[in-house]
Amino acid sequence: MRKIGITGGVGSGKSLVLVHLERDYHAAIFQADLIAHQVQLPGEVCYREVLSNFGRGILREDGLIDRKKLGDIVFADSGKLRLLNSIVHPAVNRRIREIMDEEEKKESNMFVLEAALLTDKIYREILDEIWYIHVVEPVRRERLMISRGYSKERIEQIFTSQPPEAVFFDACDYVIENSGEFEDTCRQISLRLAGKQP
């Protein structure tokens, strides 16, 4: 089973790439952010520990963790963000390994994990290769304004909070350029999956 990591900044078109890989290559697609959400559900491994550290004020009326409330707390305090990551990341990593084992048993031909940033050592250990979906900044800004309706101020906040491009380039094995027509992106993916440099 081929194991591929997909990363890139907001507005880089990772979702389109995932759809393409699932539809045209029958890849098993998983997203680290969704797994992180799952391990914080009631009864799951991180739920009680998150509550004990951040209080019941982060809960919604239905008992689920309110991700926006929790986000407001941790993104205003780097120490609290590190604490949350120390609780959630190990559980996410264990769950990813479990999922990969399940996909191996199913004899899936390709496992694809999407994450905002794949710099953790564990990803190097479990993935065969990591792709950076790259889009030049002006195109990303335009896409975010059109597709998501973000204001210029909101986009600036996002760009400021994300790692610089150099971090992505250093962490990844291959760059898939997605600034132009998606047909060209698909061509690059086809070449990469054939073992050729896009």
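Predicted model: local features only at pLDDT ≥ 70, side-chain atom pairs only at ≥ 80, totals over all residues.

Me: How many aromatic pairs does a search of the whole structure find?

Reply: Three aromatic pairs turn up in the whole structure. One of them is Phe30 with Phe111, a stacked pair at 5.5 Å centre to centre and 25 degrees between the planes.

Me: Where do Phe30 and Phe111 lie?

Reply: Phe30 is in strand β2 (residues 28–31) and Phe111 is in strand β3 (residues 110–114), so this pair ties together parts 81 residues apart in sequence.

Me: And Phe30, buried or partly exposed?

Reply: Phe30 is partly exposed, at a relative accessible area of 21%. The cut-off for buried is under 20%.

Me: OK, what about Tyr132 and Phe168?

Reply: Those two are stacked as well, with 4.9 Å centre to centre and 10 degrees between the planes. Tyr132 sits in strand β4 (residues 129–134) and Phe168 in helix α9 (residues 165–171), so the pair links parts 36 residues apart in sequence. Tyr132 counts as buried at 2% relative accessibility, and Phe168 counts as buried at 4%.

Me: Which residues form one aromatic cluster?

Reply: Tyr132, Phe168 and Phe169.

Me: Switching to charges, what lies over the face of Phe159?

Reply: Arg140 does, at 4.3 Å from the ring centre.

Me: And which ring does Arg154 sit over?

Reply: The ring of Tyr150, with the charged end of Arg154 5.4 Å from its centre.

Terms used
Residues numbered from 1 in each chain as written. Heavy atoms only, no water. Phe/Tyr/Trp six-rings, centres within 6.5 Å; stacked < 30°, edge-to-face > 60°. Helix = DSSP H or I, 4+ residues; strand = E, 2+ residues; numbered from the N terminus. Buried < 20%, exposed > 50% of the residue type's maximum accessible area, 1.4 Å probe, protein only. Lys NZ or Arg CZ within 6 Å of the ring centre and 35° of its normal.
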